[in-house]
Each structure stands twice: as C-alpha cells, then as structure tokens.
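Please consider the structure shown below. The paragraphs that follow treat an aromatic pair and then the surroundings of the ligand.

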Amino acid sequence: MSTRTVMVLSGPNLNLLGEREPEVYGANTLDDHLAVAREAATIHGLEIDHLQSNHEGELVDAIQAARTDCAAIVINPGAFTHYAWAIHDALAAFDGPIIEVHLSNPAAREPWRHTSVVAPVAAGTIAGFGSDGYRLAIDAVAALLASA
Ligand code: DQA
C-alpha cells in the first residue's frame with residue numbers, strides 16, 4: 001500500500017478525447033490530461049495510477065481496490081456522473097479525499113447533466129477548466145492529504 005498514490009479514474013468515452021466533440025472537450029487527448037496530472041503530482045511527491053473504462057463495474061472494482069492501495073481518488077466519471085449509483089456507493093466506502101473533475105462545465109449544459117450522483121461523496125468538484133482541472137484536482141488532493 002502506498003499512501004502517496006492517487007487513483008485517477010476516467011469514465012466512458014473519455015478514451016476518445018481529442019477526437020470526440022472537440023468544440024466541447026477540446027483537442028487534448030486523455031494522455032495529455034494525464035501528463036498534466038502527473039506533472040502536478042510530481043511537484044507534490046505523489047504518484048498517479050490511472051484506469052479508463054467504458055464499464056461501470058470495472059470502475060467500481062478499481063474504486064474498491066483503491067481502498068487499500070491509494071490515498072486519494074480523482075474521478076471524471078463521464079456520463080456515469082449523472083446516474084451511476086454503484087459508483088456513488090463504491091466511492092462512499094473509500095476513506096480518503098475524492099475530487100470530481102469535468103473538462104466541460106456540466107452545469108452550463110443540458111439539464112440532465114446538472115445532476116451528479118458523485119458530488120455528494122466528493123470533497124469537491126472542479127468543472128469547466130479543461131486540463132487545468134486535473135492540475136487543480138491534484139493540488140486539492142495534496143492540500144487535503146497534508147491537512148489530514
Ligand atoms: C464530462 C461531462 C459529462 O456530462 C459527459 O458525459 C462526459 C464528460 C466532462 O468531462 O466534461 O463524458 O464528464
């Protein structure tokens with residue numbers, strides 16, 4: 001178990017970043033966003049583990065594994081944000097800081113994106129800042145771990 005590992009989780013369709021609706025999500029790929037997260041993590045002496053999955057159960061399995069392997073979770077659940085209660089419940093069983101990240105700002109989009117079932121179990125949500133959101137999320141994790 002490493003107390004310095006942050007599990008970064010990416011939900012469905014985020015593997016298509018760079019190609020998918022670039023007018024909404026920008027031109028950067030998921031790897032580009034992860035590079036931003038890793039750079040921020042290095043500054044704070046943290047390490048990043050990452051899983052992208054299009055399958056809710058795989059994300060639940062990763063969240064459960066993080067209970068023993070990781071100090072914190074940064075999660076962009078993609079569309080699972082808005083209805084995946086199994087992800088909510090898995091996160092509720094995780095003891096460390098959880099930060100919800102969105103590249104776009106769901107609150108400024110279609111009404112069905114305005115609900116997050118993840119927000120109630122997250123320390124906070126960072127939305128609308130593109131890649132910078134991953135840097136801000138890692139900064140937030142570092143601050144929360146330092147004050148724990
Ligand atoms: C997203 C926002 C979600 O509403 C959407 O389903 C995504 C991406 C974002 O990062 O802005 O897949 O999580």
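Is Tyr83 buried, partly exposed or exposed? The model is a predicted one, in which local features need pLDDT of at least 70 and side-chain atom pairs count only at pLDDT 80 or more, while totals for chains, interfaces and linings use all residues. Residues are numbered from 1 along each chain as its sequence is written, and side-chain values use heavy atoms, with hydrogens and water left out. Tyr83 has a relative accessibility of 49% and is therefore partly exposed, since buried means under 20% relative accessible area, exposed over 50%, and partly exposed in between (1.4 Å probe, protein chains only). Phe80, at 7%, is buried.

A pair of aromatic rings is described by the distance of the centres and the angle of the planes. One aromatic pair is counted. Phe80 and Tyr83 form this pair, with 6.0 Å from centre to centre and 75° between the planes. The pair is edge-to-face, as rings of Phe, Tyr and Trp (its six-membered ring) pair if their centres lie within 6.5 Å, and planes under 30 degrees apart count as stacked, over 60 as edge-to-face and the rest as tilted.

Around the ligand stand ten residues in the shell, among them Arg20, Tyr25, His82, Ser104 and Arg113; a residue belongs here if one of its heavy atoms lies within 4 Å of the molecule. An oxygen atom of the ligand is 2.6 Å from an N or O atom in the side chain of Ser104. The protein buries 99% of the 320 Å² that the ligand exposes when taken alone (Shrake-Rupley method, 1.4 Å probe).

Notes
A polar contact is a pair of N or O atoms within 3.5 Å; within protein, one must be able to donate a hydrogen and the other to accept it, and residues adjacent in sequence count only if both atoms are side-chain atoms.
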